Amino acid sequence: MKKIYITGAGGMLGKALVPLFRTAYDVRGTDLPEYDITDTAAIREDVGFFSPDIVIHLASMTDVDGCETDPEMARRVNAEGTENVAVACRDCGATMLYLSTGMIYNGQKPGPYIEYDKPDPINVYGRTKYEGEIAVRKHLRSYYIFNTCWIFGGGPEDKKFVAKIIELGREKDRLEIVDDTFGSPTYTVDLSRAIFQFLGEDDFEMKYGRYHCTGRGCVNRLELAREIFSIAGIENCELVPVSSEKFDLPAPRPRIEALSNYSLDLLGLHLMRDWRVALRDYVTSTFI
Ligand SMILES: NC(=O)c1ccc[n+]([C@@H]2O[C@H](COP(=O)([O-])OP(=O)(O)OC[C@H]3O[C@@H](n4cnc5c(N)ncnc54)[C@H](OP(=O)(O)O)[C@@H]3O)[C@@H](O)[C@H]2O)c1
């Protein structure tokens, strides 16, 4: 049985990914506080001891505004931590799959980004995730970078956009939502399945490189909120469009971080569903 080491196993994506991989692999999942990827010696020793075939690296500082206000910590975790994991992979001959983001782009493109667009991050989170990508490419030949976007699917513990919108929509009669930032909502279950299928391909070693992997489609936050209301049957709360300039957040957001799964499609691997179909599955199974 092949061995897979997963960092950030206790996070939103890890909670969907780990049980799925346990059905077919010998899995070791680690996370804070016991396993800190910024501890160079400890992470190298732990990965080396397990000696995995593949490392799926999810651990990250994902609070975009937190990264902006503490850039040193963001760099330590997202850039240097990722480099530590890459070096550990190199030392034990493991293939690395690194989860990165659509925030590596500047957001000025009129439509979704493809893998050949030039990275040009505009905030600390995007910059440090991109520095992580550079570190992976510097140390390894056998790597995958999977860029994804607007993940949802935290289940009963969800505190992110979908859960917040449902909670507020049931309490209030009016909500202001921005209509000028666009993304590709991505369900944890679909993304986990896509990575599982991708790594299960017979010739997966032939396909090293960068892949965008998101729910199909591109939507703004307001349209996403409308779809959530419609599925959850929330009718008594008005959704009011506002500009993102109204909220004075520490980190600038790219206007568009939506991604097209161009390279996976070229391989004939149509692994992701339309975001609306996946959202319906999630909302009906978790909130109704
Ligand atoms: N969420 C999104 O919309 C999104 C979009 C694009 C890309 N991604 C990428 O996808 C991956 C998974 O995202 P997610 O939403 O599952 O994130 P998440 O829920 O924030 O999970 C990340 C995990 O990493 C852990 N972690 C943080 N610092 C660490 C350190 N120094 N050492 C070890 N573990 C550490 C976190 O622990 P604590 O909770 O204790 O801090 C958390 O359990 C991340 O790499 C993220 O950058 C996410």
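This is a predicted model: local features need pLDDT of at least 70, side-chain atom pairs count only at pLDDT 80 or more; totals for chains, interfaces and linings use all residues.

Trainee: How many residues of strand S4 are buried?

Mentor: S4 covers residues 95-101, and seven of its seven residues are buried.

Trainee: Which residues point one way from S4, and which the other way?

Mentor: In a regular strand, side chains alternate between the two faces of the sheet. Here Thr95, Leu97, Leu99 and Thr101 point one way, while Met96, Tyr98 and Ser100 point the other way. Residues of both sets are buried.

Trainee: In which sense do S3 and S4 pair?

Mentor: Strand S3, residues 54-57, pairs with S4 in the parallel sense over four bridges. His57 stands opposite Tyr98 of S4.

Trainee: How many bridges join S4 to S5?

Mentor: Six bridges join them, and S4 and S5 (residues 143-148) run parallel. Leu97 has Tyr144 of S5 as its bridge partner. Between the two strands the chain passes through helix H5, residues 124-139, and this β-α-β crossover is right-handed.

Trainee: Now the cysteines. How many disulfides does the structure hold?

Mentor: A disulfide is a covalent bond between two cysteine sulfur atoms. The structure holds zero disulfides. For Cys67, the nearest cysteine sulfur belongs to Cys149 and is 16 Å away. For Cys149, the nearest is that of Cys218, 8.5 Å away.

Trainee: Is Cys67 buried or exposed?

Mentor: Cys67 is buried, because its relative accessible area is 0%. Cys149 also counts as buried, at 3% relative accessibility. The cut-off for buried is under 20%.

Conventions: Residues are numbered from 1 along each chain as its sequence is written. Side-chain values use heavy atoms; hydrogens and water are left out. Buried means under 20% relative accessible area, exposed over 50%, partly exposed in between (1.4 Å probe, protein chains only). Two strands pair if DSSP finds at least two bridges between them. A crossover is right-handed if, with the strands pointing away from the viewer, the path from the first strand over the helix to the second runs clockwise. A disulfide is a pair of cysteine sulfur atoms within 2.5 Å.
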